[in-house]
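Welcome! Here is a short briefing to read beside the structure, grouped by topic.

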Amino acid sequence: MEYKTTIGLEIHAELATKTKMFCPSLNYPDEKRPNVNVCPICMAHPGTLPTINKEAVKHVLRVGLALGGDLAMGFSEFDRKNYFYPDIPKGFQISQFKYPLVSGGKLNGIDVTRVHLEEDTAKSYHFDGKKDTYLDYNRAGLPLMELVTEPVIHNARQAGDFARELQLLLRYLGVSGANMERGQMRVEANISVSKTEQFGTKVEVKNLNSFKAVEHAIDYEVKRHIEVLEGGGEIIQETRGWDENSQKTFSQRAKENSHDYRYFPEPDLPKLKLNLVPEFQNLKATLPELPWERRERLLRFGITSEAAEIFVESVTIGNFFEKVTEKLSGKIELVKLASNYITSDLMSLMKDDQEKSLNVEDFVALLRMTDSGEVSSRGAKDILAVIVNDGGSPKKIAEDRGLFQKSDVTELKTICQEIVSENPTVAADYRGGKKASLQFLIGQGMKKSGGSANPKVLRDIFMELLQ
Ligand SMILES: [Zn+2]
């Protein structure tokens with residue numbers, strides 16, 4: 001029997017709110033100065049009491065709705081997760097254990113176990129040449145969403161895709177920047193392999209701060225597990241880190257079981273009866289078009305799945321594409337042309353400067369000029385670059401730069417007649433039904449005109465001459 005891989009994910013996302021989870025300190029992760037956004041509550045001074053950030057609760061409920069999970073509208077509560085570490089001033093973290101805000105749901109076909117709300121820890125720093133650990137409490141107490149999947153993922157790609165789709169969802173909902181490199185979204189993977197129906201011993205891999213890291217770490221672990229087992233060894237239940245440089249996981253510590261945290265209901269916070277909070281009642285109406293809905297709709301335009309993915313990922317570029325298509329009266333060739341230009345030429349032109357905006361009308365005019373053969377595709381690229389950098393109408397730019405292709409029938413007819421008399425065999429082939437010969441003749445026409453002829457006009461003339 002083959003080894004079967006089983007993976008479950010735990011994903012944390014820092015929520016975008018004005019203030020921290022349980023106090024009025026600012027939620028501003030970009031703050032450069034350490035220990036600025038702190039107050040007696042998030043620094044756990046004696047006698048202070050937490051209050052719940054409604055905005056954070058609302059964010060998690062909207063995620064739950066998008067996933068199709070059950071929202072704990074009747075009852076929910078926060079718990080204390082007890083552990084002692086300097087990044088956690090109270091000596092415990094306020095989290096949710098028994099009654100998470102969301103239970104169940106699905107993303108990318110993968111079952112979600114739960115989504116709950118907790119608070120983030122401080123950030124530890126180590127400086128070269130100094131042996132001390134430095135702590136910045138700006139992050140301590142930021143609202144953190146944790147999503148846990150069922151152990152139903154079977155390979156690295158599936159895990160990576162799940163994380164990518166979740167990132168999109170969080171961004172669409174506006175609940176988190178979900179930038180992995182910046183630690184706004186952090187993935188942990190629980191991995192095991194087994195030859196039987198029973199799960200193997202699982203290992204948790206942390207510090208995965210890119211989608212590539214998620215996938216590479218899983219592939220590495222699966223291989224390591226199989227090698228250990230095949231060598232007669234045993235997998236130890238532990239937490240491992242991912243080393244980006246060596247592309248290897250390494251042992252960090254033996255894994256605690258949940259009872260080690262001595263969870264108990266947080267006595268300083270009220271129980272949550274969310275169905276009594278008016279602003280949580282019609283949240284479904286606040287959901288935007290979701291990433292998978294947008295993807296499905298865009299694919300119906302007849303564009304490639306790669307292009308659709310680009311338009312799902314970048315809402316700005318996707319919206320530009322949609323505005324363009326509205327003006328193309330459903331002409332599929334033009335829609336495809338638009339999609340190609342936007343995903344290749346336009347995106348590389350805009351890369352350095354996201355601020356550059358392009359006028360929809362100008363872009364559509366350029367598409368039509370290309371489609372009719374008035375300008376060559378090479379010419380269109382040049383025009384596009386000018387429009388993006390300096391603006392202006394594509395017609396004017398084509399005129400100024402002599403990029404219009406020759407469409408003068410009388411002039412081109414002379415060239416075509418010459419070509420036909422120079423290539424009697426090809427002409428005869430075409431008349432005999434060999435359609436491909438026409439392409440050769442058009443090629444000759446382009447050559448003879450020094451690349452300035454409109455190939456569409458050439459085609460029409462040749463077809464007429466050879467009738
Ligand atoms: Zn505070």
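Two residues are in contact if their C-beta atoms, placed from the backbone, lie within 7 Å. By that rule, Ala159 touches Ile7, Leu9, Ile153, Ala189, Val214, Glu215 and Ile218, leaving aside residues up to four places away in sequence. This is a predicted model, where local features need pLDDT of at least 70 and side-chain atom pairs count only at pLDDT 80 or more, while totals for chains, interfaces and linings use all residues. Residues are numbered from 1 along each chain as its sequence is written.

**Domains and cores**
- The domain assignment (automatic or from a database) gives domain 1 (4-283), domain 2 (289-400) and domain 3 (409-465).
- Between the C-alpha centres of domain 1 and domain 3 there are 66 Å.
- A nonpolar core is a set of buried Ala, Val, Leu, Ile, Met, Phe, Trp, Tyr and Cys residues joined through C-beta atoms within 7 Å; buried means 20 or more other C-beta atoms within 10 Å of a residue's own, exposed means 12 or fewer, and partly exposed is in between.
- The largest nonpolar core has 91 residues, of which Val60, Ala159 and Ala189 touch the most other members.
- Helix 2 (residues 156-173) gives the most to this core, with nine residues.
- A second, separate core of 10 residues includes Leu412, Cys416, Ile442 and Val457.

**A loop residue**
- Pro270 lies in the loop between strand 15 and helix 4 (291-299); helices (H or I, at least four residues) and strands (E, at least two) are DSSP runs, numbered from the N terminus.
- Pro270 is exposed, with 10 other C-beta atoms within 10 Å.
- Pro270 and Glu77 are 193 residues apart in sequence, yet 7.5 Å apart in space, C-alpha to C-alpha.
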